[in-house]
Every structure is written in C-alpha cells, then in structure tokens.
Amino acid sequence: MRRMTCVLLPMFPMQILLRQKPHWQNASVAVVDDEGPHGRITHLNGLARKHRLRIGMRQIVARDLVPNLHTAVVSPDEATVITKELITSLQTFSPKVEAIDQKGAFHVDPQGLRRLYGGYRNWATCIHRYLRARHWQSSVTVGFNRYRTLAVAMSNVGVTILESPDQEREQSDKTPLGEFDLPGDVCENLAALGIETLGDFLGLPAGELHSRFGAEASALHDLFAEGLQLPIQPSAFDEPSRISFQVDPPDDDQHRLLFAIKGALHSLLHQVRARGEAVESLELSLHLERAPLHQEHIEPASPTLDLMTLLELIRLRLGEVKLEGAVEEVEILTSNVRARAEQARLPGHQSALDMGAAHRALARIRAAYGEKSVTKATLHNAHLPEASFRWEPIQCAEGSANTSSEKPAMIRRVFARPKPLPPREPKEPEAGPSLSQNQAIEHLYGPYRVSGGWWKRLVERDYYYAETNHGDLLWLFYDRPRKRWFLHGVLD
Amino acid sequence: MDTYVPLWVKTNHSFLEGASFPEELVERAHALGLSAITITDRDGVYGLVRAHMRAKDLGVRIITGAQLTLGIDGHEHHVVALAKTRRGYADLCRGLSRGHARCEKGQSLVHISDIEEARDLLFLCTTPESLRALRPSQQPSSLFALCARHLQDHERPLERALRDVARELETRVLGANEVLYHEKVRRPLQDVLACIRGGKVLSEAGHTIRGNAEHDLKTAEQMAHVFGDDPDCLQLTLDIAEQCSFSLDDIRYRYPEESLPNGQTEQSWLRELTFQGARNRYGGDVPSDVRAQIERELTIIRRLDYGGYFLTMHEIVQYCRESNILCQGRGSAANSAVCFCLGITAIDPVRMDLLFERFLSVERAEPPDIDLDIEHDRREEVIQHVYEKYGRRHAAMVANVIRYRIRSAVRDVGKVLGLPRTDLETATRLLRHRDDVLNPQLLREAGLEKDAPATHHLWSLASQILDFPRHLSIHPGGFLLGHRPVDEIVPIEPATMEARTVIQWDKYDVENLALFKVDLLGLGALTCIHHAFDLLHAHRGESIEIATVPAEDRETYDMVSAGDTVGVFQIESRAQMAMLPRLRPSTFYDLVIEVAIVRPGPIQGDMVHPYLRRRKGEEEIFYPHPKLERILKKTLGVPIFQEQVMKLAVEAAGYTPGEADQLRRDMAAWRRSGRIEKHRTRMIPRMLAEGIPEEFAERVFSQIRGFGEYGFPESHAASFALLAYVTAWLKCHHHEAFTCAILNAQPMGFYTPATLIEDAKRHGVEVLPIDINKSSWDCILEAITDAGTDTVTAVRMGLRYVKGLGVVERERIENTTAPYPNLATFVRDTGLNKKALHALAESGAFECFGLNRRDAIWQVRSLSRFTKDSLPLEPASSQISFASLMNEDQVLWDYRASHHSTRGHPMQGLRDILRSRGFPKAENIRACAHGENLSYVGMVICRQRPGTASGVTFFTLEDETGFVNVVVWKRVFDRYAALAKTASLLGVTGEIQKADGVIHLIAKALWAPDVAIASETHRSRDFH
C-alpha cells in the first residue's frame, strides 16, 4: 500500500521567531499579528502560557499581565522564505516534497527510500534529527492518507510510524478539531454540539455540513473522504545554471582568462537556451591564488542569450579591476528568466529615440564602472538642500518628459560636499565670508535660514547668495553650530 | 511705544499645530512689552477664552480672529480674519460654523459666499489668489496682503507676487509672521505636533515640519529688523489693531426668553409658577419659612435677571413629566427652594437647612449651575427636544477638550521619534498607576536606553506636551442656549455623534465668560426607579412616585444597615457596604452622610474614623475653634461636605467670599492646574493664627485636595441620598419588581446582571429562564403558582439578555405573535438570521418546543435557509440527536449565551469537591471568629484598587451563598500578580478580620484551585 509522510513543525511562527532571537528562549514570548497595542497574540511559548496569557489576547492586555513579555510579528514573507528553505532541505530526503497550506507542514513521499535507509523509521528519524540539528522542533509521521498523517502529526511529537490504515484512523480521530485551520466561530459552533475531535466531526453527515457550518467545514470534511486522495504535488527543484572550470596553472592574464570564460559561457548559454530561458544577470566568481574570492555581478540591458554581449560586459568589468592574485578557478552562475520573443516593429512605428541602444550603453557603463555608476537625481521631501534630492541608481534610461525649449533663468550647481571657506575673525555672520585673495564679495542676499535635525544632529544654516567683484554668483552659508562659512554651490 | 502687533498667532488650541498655551503667548507678549496680541487659531476660536482671561489679568489687549481655510477654485488658502466689532465677531463665528458644517469633524472649509456679507471683519491674505478672490466682496479698506518672513527662500517670490496683486487691487501690505510658539525653545515640540498631525516620524517628516525656528513671538526690534526694508508694513499692524475694538467682554449673553403667557413678565411668571408648585409641594398651605425663603430667592433672581434660566429649566422638566421621563436636579440647585417648588429638584432645602447662597449669590453674580439627571435611556429624547425647541443655531452642546495625558503623550511622542512600538507599549503599561509626572527612571524600566538621545527627547517632549489639547470631543450633557443664535457667540461644529452639534469652548470657557449652561445628564438609577414604579402599577395597581415613597421606613434602614445593598444606588459598592454596618443609618440625613463620607475627600482628610467614633460616643465631640461649631455641628465637628470646607476657609482662615469662591474653582480644577497648592500657604498659617491646631489644619487641607473633583456638597449628597433611599425601599419591599427594573435598566451600577440575579435568588425571588414563548424583549414579572396553592410573582428573563441579539432582531421578534407552535414557525415568521437563531438555541429559549439545546442548534442552522419561504413546510433533513447537557453544563451554557443563569450558580457544581477539601461557603465565613485562618474558593466578581488605598486591592468573591470581601495588600498582589489580575476562580488563604459586623478576609496567599470553571461564567467588574 502506498505510504505518505507528514513533517510538521508545530507553532511554526514561534519557532521562526525564537530562531531569530535565541536570547528570548527563556523569556515569555508571543507572536502577534500587529506591532501596535491592539495587535492580537497568535502564538505563545510555554512560559507565556504559564503566565496565563492566551491566544487572541490583545498585546495591550498581555503586557498588563506580563510587563516583560517579548513580542514580535512574523510576516508571511519571512514564513514563505523559510518554507522554501525547508523544502530544499527536505528534498535531500525525498525528491517529492509538498508544502501544505497549514504553515510549517510538509508532505514528503517516502516511496523507494525504505531500503536505502533500512526502514521507514530510520528514514523518518534521519529527517527528525536533521531538523533538530538545525534547531527545528518537528513531528514526522509515516502513514497512508495525506490528511490523516497530518492529523496524527498534530497530536504527536517525534517520529511516528503507523502500521495500518486502521491505526492511522484511530489515532487521527482523536485530534482536537481546534488544531485545524477552521474559523474560530465554526469551531465554537461545532464545540457547542459536542463535536470536539476529528472523529466526532467526520461522524457528521457530509451533506448537512455546508448549509449549517459553511464551506470551510464542508471542505475539511471532504479532505478526509476516502478515495479522494490526490498524489503529492512536489515542488520543483530551483537550481540556477552554473559552470565552473579550473585554470591550471593559475593565470592573471585577462585575455587568456576571457578566452577561457568564452568557452565556458558558450556551453552555459547552451544549457540556458535548452531550458527556454535567457540570462538576466550573472555572478562571476574568481577563486584567486593566496587571495580572497573575487566576485562580480554583471547585468545586461535586457535578458539575453547573446554570447558576445555578455563577454563584452565581462571584458569591460575585468578591464577596470585589478586582481590581487592569479585565478585558479572560475565559476559562472546565471540568473535566468523565461525567454520572450518580441515582434519586430513595423517601419514608421519606431520611436525617434532608440531606447534599446540607450539601455545597452548604460549596461556597458555599469559593466565598466560598477553597478552604481548610472544614477538619476530624484527630488526628496526635505528642508536641507543636500537632503532635498538623491542620486538613485537606475537600470533603464527614460525618455525626457520635458519638451519645453525654454531654459531656466539660472542654474544652481550644488557641490556634493559644501566647501569650507577660510576662517575669519570674529567668526560671526556679520563679518561675512572671505574668499580667495583676488575675489571679494560685493553684495550678499539673504539670509535664508534652514534649521532642524535636533533629534539627531542639530543643523542651523544661514544661506546667502553672494555677488563677487568678478561678477560670479555664489551660494554659501554660515554654519551656526560650527561658526564657519561654507561654499555650497555656484550659479550660472 | 509699540512698533508692531502680532496679527497671526496660533495657540496650542489649533490642535496639533500651535506649541504654546494661550496663557504663555499672552505672558510672553506682556514680557516683551507688546500692548496687544491677536489670537487666530486655525479654523476657530478654541483658545480665545483662555487667552482673554489671562490678558485681563495682565492688562494686555486681545485682538480676536481666526485663521480661515478658504476654498478657492478647489484649492485651500489660509486667510486671517480679524473682528473689528461685536458684529464682525458674530460674522466670523457664523462663517466658521458654516465652514465646519460642510466638512468632516475637525475640518473646515469656508466659501467666499459664507463671508461676503461680513462688513466688520478685516481679512489678511497670505496668497495672491485669496486676495483676488475676496476683493469683489470686500472693500479695499478691509483687505490686506499679509507678507510673512520666516527667512525661507520660497517666501521671496510669493511676497513679490502678493505685492504686485496688492498694488493692482489697491490694497495695503502688512508684515506679520505666523506665530506658533512663544519661545524658540518650543520648536522641537512644534515639529513633534506637526508629525503627530501628519502621521509621520521625524526622520521622514520632510516638509511636514517647518524649515526653521522662526515661528516664535518676536520682539519689536527683531520684527523691525526683519521688515527693515518696509517699516510701513509693520506700522500698519498698529493701525489694524486700533480698528479692532472687539473684546470677549462685549458679549452680552441673554438666555432665551421663554414664551410667556399674555400680560406676564419673566419674573411674574416665575413667581406664579413657583408658588403654584409650592402649594402642590406643601399641600395647599405654604409654610411661612418656606414663603420667606422663596421671596428671598426670587428677589435675588430678579436682581441678577436670571428668571429666564429658571423658566427654561422648568420647561425642560415639564417636558420630561409630560413625556413620562423621570428627572431630578442635582448639585447645588438642590439648595434652592424655587428649584424645589418648580419640580426641578426633589430635596426641600428649607427642611434640610441648606444654604441658598451656595447656589446663587449677588456678590458672585455667576450664572446658576443646574444639573438635571434624566433616565439614561431616554436622555437623547430630551436633548433632541432642546434642539427642536430652541433650534440648531440657538442650542449647541458644550465641548470637552481631550488633552494629552501621560500615556497618550508617551505613545504619540515616542511614535514620532521612531521608538519601537513594543517598548512604548511597555512604558505606557508601567505608567498606569503612576502620577501625572513622567519619571525618566520609568522609561529606563521600560527597556529604553538610559543615555540614548531619543530617550531624553521622549522624556523632555512628553513632559512638555502634557495637558496640550489633542482634539475636541463632546461634553456628556452640557448645553449652551442663547436668546440670539449661539453661532454669533462661538462657532458651532458637527460632532461625531449623529444629530449633535458642539461649540468650540469647553465648560471652563463657558464658566469664565459667565455664560449659562444647562447640563442634561443620564442616570441609570432613575431608569431603574421608573421601571419599578411602572411594574408596581401594572402588577399591583399601586401608583408610587419618588415623593410618595414612604419616608423613614425602619425595615429599609435595617436592610441598609446590614450592608445588604446590592443594586442600591450610590451605597452598593464594596466600600459603602463595608461602611454601612459601622455607620448604621437610621434617618435620611444619615444616608446623606453615608453618601458623602465614602469619598476621596473625607477619606484623604482622615475624617471618616473620627466621625464614626463620635457617632458611637467613643470620642468627645470637639470643635477646634468656637467659631466652627455652627459650621460643623450637623456632622459632629468633622467636616464632610464641600461647603463646610469652604465655610471653614472663611471662618477659620479669614477668606473673603471672593477668595472662597476662587478656592471652589481651584478645587474643581486642581488636577488640571495644580492651583490648589497656593491655598496651602495662605490657609494653614491663618488657621494657626486663629488658634486652630496644626494637625486639624493639615487634615482640612488634605481634604480640600481630596475634594478636588470628587467631593460632594451637602445638597448634592442629599439628592443622591433620596435616590438611594428609594431604590433601597424598592429592594426591601418589592424585590422582584426592583430586580426586574434594574435588569431592564442595564448597563448601570456596580454589579453584573448575574450578581444581581444571584442576590435576588438569595432573597427568595424566583427568576425564570428565557423562553421564546413567554419572554418579552425586556424582563417581565410573571405570576406563577407555587406548590400548587399560592400565586407568586417571579421575574422572567428577557430576550435582551441573549448575547448577539440587537435592535434588528428585537424588531423582528416583536413584529410576530407568540406563542409559536413550533420552531419552524418561529424561524419563518421572524426571519432571523442563523447567528441570532443559534444564540437563542444556545440560551435554551427553544426548550419549550421539546428540543434540547444541541438539537435546537442543529435544527436552526438548517432552518435558517428557509426563512424566506412562504409555505409552512419543514425542510427535509437528517435530524441527529445530540446528548442533553448535564446540569453544570446548563449553567455554563447559560453564562455563555446570556451572561447569567437562572438554573444555578457556577460554584454549585464545584461544591461537593470543595466541601470534601474543607473549603467553606461564604455564609459559613460569616460565622468565623476574628483572627481565624482559613482558605476560601470563590468566583471573582469585582477587583478594585482605589487611589486612596495605598496600593491595596479589594476583591469581591462570590459563591452560591453570598459574597466574601478579600483585602489584598500590595506585596501579596505583586507576588501573585498574574493570577490576581486574571483568575475567574480564585483560592485565597488568609486571616479573618471582623469589626463592627464587617468581615474581611486578609489574603496571605492567592492560588488557582485545581478545579475548572468555564471562563464564560466570569465577568468581573474591575476598577483601578
């Protein structure tokens, strides 16, 4: 008879939290659904339960009872990431692993592994030990029915091997109904009828449930119906395309390295093409002789399978770096996306701007000067001039929205860092700034005062526009806390 | 000589924007030598009265205005409007009222059409658009371009554009800065307020906060420097200030004139009604002393021209009578024979020897304050009657300004500083039982880093923000009524509650301006009394009113003296119950003292025990000074009532009537202002100089502090004592009617319905369960045959007690006719939804159809699908039979479904096991000896930690035989904190303390019994 295994990590969000914060192990801990005072407790550790805290309690109430209670939110994203990691881990024990809706529960197919491990118990124990070594508490149940194994896992700890479907049914029937993901009111309503275990619940006539207790109750009942067992829907192996080769003897000549990389990249691209994908980015790892690993991230303008494009970007990047030692091994890892065929544009429908060329050019600049070499100024809501815009890296070029041919009356060129002007006694703003020897200020316009940041570091600046005897227009400020003048920009 | 007047000043009553109190701004203006200051709060005149009162003290002139939010072409523009005259002020208030009426609560948008008729208003425009928009409707002499210079670079081009438009429209330009705080030191607080308002944290605030600290109140020299290039624009501020002659003192308030019968004046009509009432009260012949008192009061009322106010109160009371709504005046109005005769109050002040001057005096010339208690479930009818009678523009409710308290301050400021919310929650939890002072140590206890700048900022800013207004709420029942529309005195805003409008001033502002206020308050006890009278009339044919309840009934006083007062108004609390066997009231005046003595004032003043000792003759009655005998004679030499304390101040400390009146105000406001301390230095030395012992003087002062907001004047205590007596009499002689009435008046009082029902059952009242074929929505009295012979009246629980049923379900059930032949008919007729049907089934209401509760649940969950079917067919479905509930389970289900059980007490099910372990019942404890050690297990029904009890927590535990009062000292409570705070079933080991018939169990240890009780049965009322 076909076997089925359920691996359950009980109180999954609490386990995630305690792994993140191991120093909370001996304290009262609660997982809440919101950080605010009205956030509700979803999971509690043993100590918190001992202090009479309950699931569903609001954080504000719980803190009243246990002032030193530790609380945190475990986001669904965090749980999803860890679930993926766990699937990968469990795939070392069976090629067929499926995450169940119930958070922290997995179905694992044990078929064909009994002989390899010397019996199901050994196999299940290996999984249990593997997880325990990584600080996961788990319950591993080998049974026959998808959901009955889950039910047994809910009420057992450690490894359970069920010998027969009857034993599985008997044990699973005792599982409290509250363990399943039924809405609270449905559980309460069923409890009112004295229906408190899975066995009680499955004893109710299936056809009467939907109208009385809703779709969820009916769906749960259906899950346990005999003969409706779906096979495992295994998660796909998610492996990046990878190639590596030894360089013997170790070499630091870029031309020879590029030639070697070209060959490897060619066969890697062949693999990628065979999967119907294209390269979105690649990680180039160079293992150096007597020096730390050197890594580079290369990203083409758009997903590609073009060997020469990628090779050119690698050439540009390697041309800008100086390796600290000879390369003894090269590893290339690609991140791929599904290849997309684009229809050629009809003549006359092409934009005047060739954005594709722009993207390619920017990709070459990034390859040559680094990932953050292509940036764009973005306005930011702040009073301090240097905080009122930010240079943010961009991946793609954008066509200019400004079609106006009018030029602004003046352009203020702001220095990346204000330049301190020579100190001048008696260090007061009235004294005015001093410039170079042959430059003098004829008029000062201002001040415009900017102050703030008291919660972190107080800033108080009096800004002025200064007109020099050479006709230059300068933008400078007097820094009150530092009692010094700075040049922050020029106007032209 | 003045060189400028600040014309754009916002106080912290511009909620979450201004960062200085109105008083601080006025004081700063005075310190800077400015002769006048303008108050222009955002969209209102919220801080105006406070500024006005302080300005009067300092001799600074207040120019009145507001910053309007003007809607122009879909954009909002700020315009400062200043009132030149009383008429201009009325126009301003009216415009603001219209602006608020079209927006959500807390916002305003004034349209040009709202103010185009205004002639005595000056408009200062901060944008060219607003200047242009207002020009067609306003004369150039009323319009000004306001150039603000806060040293920000965007202001220059704006000023240039504004000046161009002003030149084009031939309007003048003035210079004024937007003042948000009196000193630069408040700038961080202003940033924090702006972030709270904008929902931002400081590090991401951007333009939510101002760019610099130039929004302070500047000196004349500073302003002259800022506007050095155009001194004329500052000079113009002086001219404008000169034009604005309006002051809040110009508000001549007139109470609405009642519609008088032909040929009657206000005074003559009041006189006629008063004597007519007096003849009714005194059986046709008005005693001479009463007549003399009435004449004296009428003379004072005429001199103060307050006749209209009394007539209005009379009209409201008449409306209540005609609508069969029970009402009664409370507070100092009970000192007035006129109020008594008009039926406003129920206490005869002449017979009680109460002082009229406490209510109204020519010297004080303050408007009288009459608080009218109304049945709580019918108060809204009276409120809507007032709106209807006087109109929405002539009647509006007084505001309640919600201010920052310590916990909200820490929470909001901490959030803005970006501190972890969990740490802030811990801090606010720790703050719960502390004083209103923020201790830096406490923030450290909460886990915040000791030396971190953010912790320092939190402590500093949260301390500064304390008492700052946060938003406007509504006073529970205070009305402002006016002969002229109220919106000419103060803007009116819509309140959150539907069909309510609220003015922009709170009760202190209204008092300070000597405006009349009518307080219409809800009181559950009146509802209960009314229901009980109706039940007695319906079932026994007895017509009883408050006035006809037999006076000085011995059995009632015996019951009260035994502390058997569950449900009795005012004297049902644990503390009152513990006092009653000691004081043993035997007259009405004893009840008045009982009501007043268990209050923080007498307790803090350590007046309780001396009074009890003297009453029992264990201590000699002694007066600290011969002068005080007259004042303290009624209370055996111990000051108990608020007016006694005030008279003491006059007689023993030489207070003038004005000082005494100030003392009364400071007593009422001390929590907010801390002004009471100045009386200490004034009063105690003067009392010592009079030869009064220091210890007595200190006790009197402690009592004054304790009286604060909680002290009772004698007249008020008398009004409440009357209701206490009536409810006690009902409980004593008509317990079933009383129980039925109080259950129908819930929520009210100190105890849960379950406790009231258990108490009734212990007194022999039969309480019947909810039955769909016999119960009404409310509880009813039902005649049942007892033991086949006698007919007794039992209480039938009403459907209102089924959890989950509401107004809609009530209407559906009441639209059908019981009895129903079967469940299917009931379901089809009422069309109730599945949830409601489930609730009824769970409560056992369908047992009359021969269905146990589980079977009923299974059926109704299916039947609810067929509620729309017109044919009386029962759907075919498989009926499963579920096991019937055990008796203990029935009780638990009752509690779960209806918060009570008529079938038994939850403790009954545990009794056998508790008895086997040797735990006594509550009734056994009454027989225990003083000093005996024992353990007891009971259900917690109340936890109370009074502020006057030095951290002691009082628990009331209940079982099927009665209550046990447990005293838990702080160290014991702290040791078992989690258990003490949460346990529904509690075991206590301790020592019996017996004194004067009062029994307490002094806890040494608390423990969780290893027997289970369902959480549904537990609903304690906890007071901290």
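Helices here are DSSP runs of H or I with at least four residues, strands are E runs of at least two, and both are numbered from the N terminus.

A word on the model before the points. This is a predicted model, in which local features need pLDDT of at least 70, side-chain atom pairs count only at pLDDT 80 or more, and totals for chains, interfaces and linings use all residues. Residues are numbered from 1 along each chain as its sequence is written, while chains are lettered from A and ligands numbered from 1 in the order in which they are written.

1. **Around B:Cys740.** B:Cys740 is buried, with 30 other C-beta atoms within 10 Å. A residue counts as buried if 20 or more other C-beta atoms lie within 10 Å of its own, as exposed if 12 or fewer do, and as partly exposed in between, with C-beta atoms placed from the backbone. Setting aside neighbours within four places in sequence, B:Cys740 is in contact with B:Leu535, B:Cys779, B:Ile780, B:Leu781 and B:Val795. Contact means that the C-beta atoms of two residues, placed from the backbone, lie within 7 Å. For a sense of scale, B:Glu129 is 611 residues away along the chain, and its C-alpha atom is separated from that of B:Cys740 by 67 Å.

2. **A buried helix in chain B.** Seven of the ten residues of helix 24 (residues 588–597) of chain B are buried, so this helix is largely enclosed by the rest of the structure. Among the buried residues are B:Leu591, B:Val592, B:Glu594 and B:Ile597.

3. **Two helices crossing in chain B.** Helix 21 (residues 524–540) and helix 32 (residues 714–733) of chain B pack at an angle of about 40 degrees, with their axes 11 Å apart. Axes are lines fitted to C-alpha atoms, for helices over the stretch in contact, and angles run from 0 to 180 degrees between N-to-C directions. That makes helix 21 of chain B oblique to helix 32 of chain B. As for the wording, angles under 35 degrees count as roughly parallel, over 145 as roughly antiparallel, 65 to 115 as roughly perpendicular and the rest as oblique. On the side of helix 21 of chain B, the contact is made by B:Ala525, B:Cys528, B:Ile529 and B:Ala532, and helix 32 of chain B brings B:Leu723, B:Val726, B:Thr727 and B:Leu730. By class, this contact has seven nonpolar, one polar and no charged residues. Here Ala, Val, Leu, Ile, Met, Phe, Trp, Tyr, Cys and Pro count as nonpolar, Asp, Glu, Lys and Arg as charged, and the others, Gly among them, as polar.

4. **A helix pair in chain A.** Helix 1 (residues 12–20) and helix 4 (residues 76–90) of chain A pack at about 85 degrees, with their axes 11 Å apart. These two helices of chain A are therefore roughly perpendicular to each other. A:Phe12, A:Pro13 and A:Ile16 of helix 1 meet A:Glu78, A:Ala79 and A:Ile82 of helix 4.

5. **The sheet of chain A.** Three strands of chain A form an open sheet in the order 3-2-4, with mixed pairing. Two strands pair if DSSP finds at least two bridges between them. Strand 2 (residues 29–32) and strand 3 of chain A pair in the antiparallel sense over three bridges, and A:Val32 has A:Ile41 as its bridge partner in strand 3. Helix 1 of chain A lies across strand 2, strand 3 and strand 4, running at about 120 degrees to strand 2.

6. **The seven-stranded sheet of chain B.** An open sheet with mixed pairing is formed by seven strands of chain B in the order 7-8-13-10-9-12-11. Strand 7 (327–330) and strand 11 (492–494) of chain B are the edge strands, each pairing on one side only. Eight bridges join strand 9 (residues 395–403) to strand 10 (residues 469–481) of chain B, and the two run antiparallel.

7. **A hairpin in chain B.** Strand 18 (residues 953–959) and strand 19 (residues 962–968) of chain B are antiparallel and joined by seven bridges. The two form a hairpin with two residues between them. Five of the seven residues of strand 19 of chain B are buried.

8. **Where the chains meet.** Chain B places 34 residues in contact with 32 residues of chain A. On the side of chain B that touches chain A, helix 17 of chain B gives the largest share, six residues.
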